[in-house]
Amino acid sequence: MAIWVSCRLRRVRVVRGAVERLAAEILTRLGYQRADVSVTFIGDRAMRTLNRCYRRRDRPTDVLAFACRDAAQPPSRIPVLGDVVVSVPTAARQAKVAGHTLDRELTLLVVHGILHLCGYDHEHSRHEARRMFRRQRELLDALGARPRLCTSGNR
């Protein structure tokens, strides 16, 4: 399993080891012990560009997932699942509204993005949405409190 972590923001320092451990634990709990993913942290401007280009929505979003496989393929056959891209400024705003820490929000978004890479899709149907969000809650409960994933002025 390989996990690549990058941050394209100057004012934010990502704790790569913490993000790598988080992603590895999520993948293991989902049964993807041999899968590889990348997790990239970006700003709202870059996220807006990606969202406009790939989803035709001209606004930033919190997380995008770019799968490198068909969801129907078994996990052992595909070593690279894909890329998770997180907007830190959007995550910070959402954390403030929700009344929790930025680290908690980033953990939620990494879980959410990896679930998408593993074939979960809340936009397909209500049944799939319930299935995905149930699994997301289970993972967040199992992961518990996490060490800091990043340091910034917006904690």
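1. H100 sits in the loop that links α3 (88–98) to α4 (102–117). Helices and strands here are DSSP runs, numbered from the N terminus: H or I of at least four residues for helices, E of at least two for strands. The model is predicted; local features need pLDDT of at least 70, side-chain atom pairs count only at pLDDT 80 or more, and totals for chains, interfaces and linings use all residues. Residues are numbered from 1 along each chain as its sequence is written, and side-chain values use heavy atoms, leaving out hydrogens and water.

2. The cut-offs are under 20% relative accessible area for buried and over 50% for exposed, with partly exposed in between (1.4 Å probe, protein chains only).

3. Setting aside neighbours within four places in sequence, H100 contacts A95 and E105. Contact means heavy atoms within 4.5 Å. The H100 and E105 side chains also make a polar contact, at 2.7 Å. That term means a pair of N or O atoms within 3.5 Å; within protein, one must be able to donate a hydrogen and the other to accept it, and residues adjacent in sequence count only if both atoms are side-chain atoms.

4. α3 and α4 pack at about 115°, with axes 8 Å apart. Axes are lines fitted to C-alpha atoms, for helices over the stretch in contact; angles run from 0 to 180 degrees between N-to-C directions. From α3, the contact uses V88, A91, A92, Q94 and A95; from α4, L102, E105, L106 and L109.

5. Which strand order does the open sheet have? Its four strands run β1-β3-β5-β4, with mixed pairing. Two strands pair if DSSP finds at least two bridges between them. β1 and β4 (63–67) are the edge strands, each pairing on one side only. On average, neighbouring strands are turned by 15° against each other, direction ignored.

6. β1 (residues 3–7) and β3 (residues 36–42) run parallel, joined by five bridges. W4 is opposite S38 of β3. The covered face of β1 carries I3, V5 and C7; W4 and S6 lie on the uncovered one.

7. β3 and β5 (residues 80–87) are also parallel, with seven bridges. I42 is opposite S87 of β5. Helix α2 (residues 44–55) packs on the sheet and touches β3, β4 and β5, its direction at about 50° to that of β4. α4 touches β3, β4 and β5 as well, with its direction at about 145° to that of β5.
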